[in-house]
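Here is a note for someone reading a structure of this kind for the first time. Please keep the model open while going through the points.

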Amino acid sequence: MRYTVVLGVHTLIWVLLTGAFYCEKPSVVNIGAIFTFDSVIGRVAKPAMQAAVSDVNADSGILKGTELKLFMEDANCSAFLASVEAFQVLDKDIVAIIGPQSSAIAHMISEIANGLQVPLISYAATDPTLSALQFPYFFRTTRSDGYQMAAMAGLIDYYEWKQVIAVFVDDQYGRNGISALGDELQGKMSKIAYKLALPVEFNQSYLTDLLNKSKLLGPRVYVVHINPDPGLRIFHVAKGLQMMTTDYVWFATDWLSTTIDSFSPMNRTSLAVLNGVVALRQHTPQSNKKSAYMSRWKKMQQEGLARSELNVYGLYAYDTVWTVAKAIERFIDEHENISFSVLDKLLKLEPSEIQLRKLKIFDGGSLLREKLLETNMSGLTGQVQFNQDRNIVSGGYDVINIEKMAIHTVGFWSNYSGFSVSPPETVKRGRVSYPPLDQKLGNVTWPGGNTVTPRGWVITDDEQPLRIGVPKRVSFVEYATEKNNSHKLEGYCIDVFLAARKLVPYDVPYIFVPFGDGQSNPSYDQLVKMVAQNVFDAAVGDIAIVKNRTMIVDFSQPYATTGLVIVAPVENSKSNAWVFLQPFTWELWSVTAASFVIFAVVMWTLEHRVNDDFRGPPKKQLATMFLFSFSTLFKKNQEDTVSPLGRIVMVMWLFLLMVITSSYTANLTSILTVQQLSSPITGIDSLIASNLPIGYQVGSFAYNYLTETLYIPSSRLVPLGSPAEYERALRQGPDNGGVGAVIDELLYIELFLSRLTDFGIIGQTFTRSGWGFAFQKDSPLAVDMSTAILKLSENGELQKIREKWFCKMGCPGDKDQDVEPNQLHLISFWGLYLLCGAFSVAAFVVFLMRMIYQFVQYKRRQVNPPSPLSRSSSNTQCSQVISNFVDFVDEKEEAIKRMFQRDNPQVQVS
């Protein structure tokens, strides 16, 4: 019994002691830090983290008695060594890892952190892909390159450059950053034209060769995205290659601002090589806390605790330690204990000297991760708060410009306000997008001391002139061809190009390269493809701008308007005795004749009671009525209108006659002057419906259009190579091995018809296009040539060039084309007839109502009432009333008025 009691007491004491042990807050919490000590970032990160740990431990308001202990390991810029150091740090039961500064190393250590559930918080790894769901334990207290490349793309777009050359270090940091830049530029209709990749450990000779080759490329805007380089080697090499002159633009990401901010005042002379460079710097708002820390840093330098000037990553490293400390505090307050457990999979490994089986999982890793996501504090760098991607919420950059060894801030960028001359914290938040007109930066000095924004690209130089392909035509050589195999190219299109080139505000070295065998017209589709394939830099000639070509090259503004037309045999119309009837259709003639009769009746009705000219014997009235109506055609009426209603109808009738006679005259003139077609073809629809063979020009886009768009069988299409073949095929006709019509571009046909009179254009142009010069995609020369062509058109020079080549004997296309005259139909005038008829009917109705009213009044004034003995049948009474009404209407208006004015109201009318 005594033994049982003693055993129970011992068990109770053991349980109480064990519970007290597990509920007691830890006295020490270990965190690790892995970074390269001897580097631009490492030289500020190490003392900054040490100072932060000291401040945390000295602050009784945080961790409350628990000491924060930091274990730092040197990665030596090696992902392999960093991985080894990570295992050594993790062996010390750490709850979080700070660092690394390298994105490539961060990728490696993130995998280890995921496996052991230890949060990894980096203050300098900016690769945007680290925010992927693949790395749930990775946090970033600095800004992702996704933000930075949005700022860089905005900067390029601000100065309206469309192509850039990217120089980057070929690792995860460089490749993924430049990939993000490409995505941002694409959204702004720009692109990275060329990518120059550098090894992680590049030497000067490799860099020199790479930059020297890039001088042969067109773009002159460079974006440099490499690791911090105190030697500024890339700019020294560029200066030696004469690439820091006024033709060039150099942008740098925040590696450059980090590097030069770390320079001591004695090393500021190194900035001379950076004259004109524009760079980004991560923005940190001014605050008392930041100012105090910068003063403290000066003291640390004096005491030998810091060997470098402070840059922004020193601030981020300090804030990172505090971020981790506050998260650990919230974790301990809730969980109270820190524990680790062995990973079962590691226990199954065979024993070795590496001792991997000793690695432990942080049991509270997921909870600490949640506490980190809840971070919301004010640090040296501003507000520290994470989004769901575990990145800092806010983003901002300073835009700096180096001039005469001085660093000038020319503006700021933030992801919610764009560019501004005011710091991001002073700009109102809440806008999803920002108008381009609101964007503003200060004045920038570019390389070479130029204050005017450089063009940002060059076409070529004298050593490598533009290769311009020119079609070597064998027909219609007036447009473009080689002269007698002399390699001298001439023609209308060549002269337009040379004139436009003179208006381009820079020199364009070039050589013309004939394209074609000289036996037949070359394929223009093939010529355009050779431009797209970089065989030619451009193509000049009579090149039609059509859809499939615009998909692979850029065209200039059209310098000539054209389109496909049909040409067929025509003959002059023969004389016709009844040609004067052709302007109107028979329906329109019938309605017009009827309208004269109706007008005559209406006007006689309205004028008969008040106008003596419309009174008299019936034959005279009938003659007057119709002569008055038809004489209005010649405005020679002998009779005047008296009644107001008659005058209203007369005005509407004269308006109708004016429109009808003008239209008749115009159409009759057209009929007497134009030619009539001898071909049964009236347009493209009738040509397609027929089975006639169709001729087309060899090398033209017409073949593809007819077969692929209009679905005309290729068996109906006959290739023709010259105007002589056009003429022969058309004269032979479809029955004798020729063609029924030829389809070609209007400009060719006009030149063809200028020499012949028995052929003509059928119908209208059924496609609309133009001729332009072809350039490679996104070529800036296409834009400048378009502007030059517009200037040529405005100042009349384009017309002068055309007259030089085609108007010696009269310009083609100036002659009247053979168009069948159209008769005028009733549908074109029915509204006018309806309006005139409505006025006439209205006037007649008003007149009739007035007559009925006067007649009723007149009947009431009669003296003798009707006698019952004289009553007759109702039909007889009705006839009598109508007869009396007609007689009343036939009376003159003056007689009726005198009748109503008599004193005796009972008037007997016999």
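Predicted model: local features only at pLDDT ≥ 70, side-chain atom pairs only at ≥ 80, totals over all residues.

1. Residues are numbered from 1 along each chain as its sequence is written, and side-chain values use heavy atoms, with hydrogens and water left out.

2. The largest pocket holds about 1,200 Å³ of space. A pocket is an open set of points on a 1 Å grid over the protein atoms alone, where a 1.4 Å probe fits, with protein on both sides within 12 Å along at least five of seven lines; lining residues have an atom within 4 Å of a point. Grid points are joined across faces, edges and corners, and the volume is the space filled by probe spheres set on them.

3. Which residues are closest to the centre of the largest pocket? They are Gln163, Lys777, Asp778, Ser779 and Pro780, out of 39 lining residues. Helix H24 (780-794) is among the elements that supply at least two lining residues, as are the strands S7 (191-198), S18 (466-471) and S31 (769-776). H24 gives the most, with 5 residues. Helices (H or I, at least four residues) and strands (E, at least two) are DSSP runs, numbered from the N terminus.

4. The lining of the largest pocket divides into 19 nonpolar, 10 polar and 10 charged residues. Here Ala, Val, Leu, Ile, Met, Phe, Trp, Tyr, Cys and Pro count as nonpolar, Asp, Glu, Lys and Arg as charged, and the others, Gly among them, as polar.

5. The second largest pocket has about 700 Å³ of space. It is lined by 32 residues, and Cys77, Gln101, Ser102, Asn227 and Pro228 are the closest to its centre. Helix H4 (103-116) and helix H9 (254-261) each give two or more residues to this lining.

6. The largest nonpolar core has 86 residues; Trp771, Phe773 and Leu781 are among those that touch the most other members. A second, separate core of 75 residues includes Ile34 and Ile94. A nonpolar core is a set of buried Ala, Val, Leu, Ile, Met, Phe, Trp, Tyr and Cys residues joined through side-chain atoms within 4.5 Å. Buried means under 20% relative accessible area (1.4 Å probe, protein chains only).

7. An open sheet of 8 strands runs in the order S7-S6-S8-S9-S10-S15-S16-S17, with mixed pairing. Its edge strands are S7 and S17 (418-420). Two strands pair if DSSP finds at least two bridges between them. S9 (residues 249-252) and S10 (residues 278-282) pair in the parallel sense over 2 bridges.

Notes:
Buried < 20%, exposed > 50% of the residue type's maximum accessible area, 1.4 Å probe, protein only.
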